[in-house]
Amino acid sequence: MFSEILSFGEPMYEFSQIKQSKAMEPDFLSGFGGDVSNFAIAAARQGANVGMITHLGDDEFGEQFRALWKRESVASDLVVSNASAHTGVYFITHNEEGHHFSFLRKGSAASLISKQQLPVEAIANAKLLHTTAITQAISDTSCDAVFAAIELARKTDTLVSYDTNLRLKLWSLNRAKAIINETISQVDICFPSIDEAQLLTGLTHADEIIDHYLQLGAKIVVLKQGSEGATVANQHERFSIKPHKVSAVDATAAGDSFAGSFCTHYVRGAELQECLKYANATASITITGYGAVAPLPTLAQVEQRIGLS
Ligand SMILES: Nc1ncnc2c1ncn2[C@@H]1O[C@H](COP(=O)(O)OP(=O)(O)O)[C@@H](O)[C@H]1O
Ligand SMILES: O=C(O)C(=O)C[C@H](O)[C@H](O)COP(=O)(O)O
């Protein structure tokens, strides 16, 4: 059976810094991250039928990801294990400016993927393919694979969703600008966040950024505005939503869970404004716990937050 949503990119085993209560206690909590895996689990918890496209190392971290996806009902039948490379690892640390990522991912199994290894039939039969600028930044072969996957999806009427997640530890701003602009011109839904979009476009205001990305060719732009909420727009309509008032602990995966929730409700036929409401509520719950995956909410929790139950 084919998945209705496919998520393509690199899962990352996570070590997330927590406040140390006693001197000898460990101050990193292990967990799971990687923008596309976070997206897939967020979507599955919203009720989507979702699968991963990625390569893992033939190692303990890879095994743990397979077990995680099984528990979360994320399909891993398209996931390949590579005995000669490792699963990616990253660390989250916090300072007064927010959270920071450090990576151990060079030469990882996911970064070695090539376009010849894409699951052509599964992409053709999905309703939506999600991928990200991180998937393009990790290597040239992975970047080529993203463009090939988008081409396949467009030929077969599979929607393409794209998160512009900018990681300047992985590539230069000039290269990121060129690749991200070209990709946005080819996708159905793009999810820029305002601070990254300001860097990428040189524009300041939300409406200007949205207009810019619509003009480049994205059919739907969903601008994530952090603690200011979010805005969705296409050529005909535009809606903004205020953020929920929460006590934020760790903003890791706010954007991924937002996109996973938005796409789940979009492929099920919800209107743009409704998708925005679910995404905004999903992300507001995600940021109330440490790490990327543990705090991702279920559909019931999101509906309770929206006031539907
Ligand atoms: N402090 C906050 N309070 C409430 N909601 C928030 C807060 N920060 C983020 N969110 C929600 O999460 C979404 C994504 O967060 P943002 O930080 O913009 O994305 P990213 O993680 O991609 O940088 C926002 O659009 C908003 O809906
Ligand atoms: O940086 C990477 O390569 C990762 O994939 C690690 C993280 O799990 C996501 O980046 C979190 O994404 P946000 O939703 O933007 O907080």
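**Where does ligand 1 sit?** Ligand 1 sits in the largest pocket. This is a predicted model: local features need pLDDT of at least 70, side-chain atom pairs count only at pLDDT 80 or more, and totals for chains, interfaces and linings use all residues. Residues are numbered from 1 along each chain as its sequence is written, chains are lettered from A and ligands numbered from 1 in the order written, and side-chain values use heavy atoms, without hydrogens and water. A pocket is an open set of points on a 1 Å grid over the protein atoms alone, where a 1.4 Å probe fits, with protein on both sides within 12 Å along at least five of seven lines. A molecule sits in a pocket if more than half of its atoms lie within 2 Å of its grid points.

**Close-up 1. The shell around ligand 1.** Ligand 1 is surrounded by 16 residues (a heavy atom within 4 Å). The closest are Lys224, Gly226, Gly229, Gly255 and Asn280. By class, the shell holds 7 nonpolar, 8 polar and 1 charged residues. Here Ala, Val, Leu, Ile, Met, Phe, Trp, Tyr, Cys and Pro count as nonpolar, Asp, Glu, Lys and Arg as charged, and the others, Gly among them, as polar. Helix 9 supplies the largest share, 3 residues. Helix 10 (272-286) also gives at least two.

**Close-up 2. Backbone contacts of ligand 1.** Polar backbone atoms approach oxygen atoms of the ligand. For glycine 226 the distance is 2.8 Å. For glycine 255 it is 3.0 Å. The protein buries 83% of the 550 Å² that ligand 1 exposes alone (Shrake-Rupley method, 1.4 Å probe).

**Close-up 3. Ligand 2 and its contacts.** Ligand 2 also sits in the largest pocket. Of the 17 residues around ligand 2, Asp35, Tyr90, Arg105, Arg167 and Ala253 come nearest. A polar side-chain atom of tyrosine 90 lies 2.8 Å from a ligand oxygen atom. A side-chain N or O atom of asparagine 165 is 3.1 Å from an oxygen atom of ligand 2. The protein covers 95% of the 400 Å² of accessible area that ligand 2 has on its own. Helix 9 (254-267) gives the most to this shell, with 3 residues.

Close-up 4. Lysine 127 and glutamate 4 meet in a salt bridge at 3.5 Å, N to O (a side-chain nitrogen of Lys or Arg within 4 Å of a carboxyl oxygen of Asp or Glu). The two residues are 123 residues apart. Lysine 127 lies in the loop between helix 3 (120-125) and strand 10 (128-132). Glutamate 4 is in the segment before strand 1 (5-8). Helices (H or I, at least four residues) and strands (E, at least two) are DSSP runs, numbered from the N terminus.

How values were computed
Polar contact = N/O pair within 3.5 Å; in protein donor to acceptor, adjacent residues only side chain to side chain. 1 Å grid on protein atoms, 1.4 Å probe; cavity = no way out; pocket = protein on both sides within 12 Å on 5 of 7 lines; lining within 4 Å.
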